[in-house]
Amino acid sequence: MARVLLASTDHVGTTMAGPGIRAWELAGTLAREYRHAVTLAVPGSSDLLPDGFEIFPYVWNQPGALLPALARADVVIGQGFVFEMQPELLACDLPLAIDLYDPLIMESLDLYAGAELATAQAQHTRYQHLTDAQLRRGDFFFCASERQRDYWLGALTAAGRITPQLARSIDRDLRGLLDLVPSGIAAQPPQHTAPVLRGQHPAIDEHSLLLLWAGGLWDWFDPCIVIQAMADLRDELPHLRLCIFGGARPNPHGDPIRTRKAEEARARAAATGLLDTAVIFLDTWIPYHKRGAYLAEADAGVSAHLPAWRHGSPFARACSITSGHGCRAVFGGRIA
């Protein structure tokens, strides 16, 4: 059994987004299935009651805030900006596993696509420095898909981490350096505990053919193409409905986040005359523990990504994007 410190970069609570969900599920899996003593460090505070592990609230971007948790850890796990804001993690001498499921360099190309070029370049340089520091320091890395793994094997090679000495000391596939921990579905099927859409929203009844976009509307998605398809099918399928999780993303570091893509999607639905009738946006962020009821009521899930060759969409291929139903993640015995 190891004492594992898992440092979340994002809010972990009743309402949380992908990074927080991933950290929560990883902590639970390591604690319950692998019997490690897990401490999940969360920025700010959390209103969730952990099952089998401990929550350690810390002050984001206060260097040294995680030193008390580090002092009683054997292994550290982290992702993304937590290494920039809490430099004590990269500076510690403990074994360090780094989650690379979010390729920040590629993501920034979308996030700053509409910014001044100098601003976009400054952020790109920042992300490059952060990524390079992680690739040089980490003892073990994991990502979410084989496509991502190809990307990160190239990055690790460029960083000088793949050497003849390493190749002789681990498996031929280099899984001992970089392996997969996918974001997937929870172990239990979604539970329909109470009506949430059918019969609750005036446009959605028991006869509706309900499509559900269960996830954020980030800039590398293309919800407008789905909304246009809804418009094209309105006469042929008058009972077709599209429900989109369109609420502002919880943000522990400032105001809730609303994306350009969410604004574009709402405008397109209004322009086609489908807003609030065939295309419905949920204006609040769906609590994580209630997601199952929404999934259970839907006939199908839908998600659309911009193609990688179009402006502002390289992230769609570099990153494995899921609808955030949870993460049944294991380390395959890497942390012993």
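Which residue in β11 is the bridge partner of Leu211? The answer is Ala300. Keep in mind that this is a predicted model.

Strand β8, residues 209-213, pairs with β11 in the parallel sense. The pairing runs over 2 bridges. Now step back to the sheet around them. It is an open sheet of 4 strands, with parallel pairing. Read across, the order is β10-β9-β8-β11. The edges are β10 (279-282) and β11 (300-301), and each of these pairs on one side only. A helix packs on this sheet: α9, residues 223-232. Helix α9 touches β8, β9 (240-245) and β10. The direction of α9 makes about 160° with that of β9.

Next, look for empty space. Rolling a probe the size of a water molecule over the atoms shows where such space is left. Across the whole structure, the search finds 2 cavities of 30 Å³ or more.

Start with the largest cavity, which has a volume of about 90 Å³. Its lining holds 14 residues. Leu6, Ala7, Ala23, Gln79 and Asp99 lie nearest the centre. Three elements, β1 (3-7), α1 (18-32) and β4 (75-79), each give two or more residues to this lining. Helix α1 gives the largest share, 4 residues. By class, the lining has 8 nonpolar, 4 polar and 2 charged residues.

The second largest cavity holds about 70 Å³ of space. Its lining includes Gln79, Asp99, Thr131 and Trp152. How do its lining residues divide by class, and how many are nonpolar? The lining has 3 nonpolar, 4 polar and 2 charged residues.

Methods
Residues numbered from 1 in each chain as written. Predicted model: local features only at pLDDT ≥ 70, side-chain atom pairs only at ≥ 80, totals over all residues. Heavy atoms only, no water. Pairing = 2+ DSSP bridges. Contact = heavy atoms within 4.5 Å. Axes fitted to C-alpha atoms, helices over the stretch in contact; angles between N-to-C directions. 1 Å grid on protein atoms, 1.4 Å probe; cavity = no way out; pocket = protein on both sides within 12 Å on 5 of 7 lines; lining within 4 Å. Points joined across faces, edges and corners; volume = space filled by probe spheres on them. Nonpolar A, V, L, I, M, F, W, Y, C, P; charged D, E, K, R; others polar.
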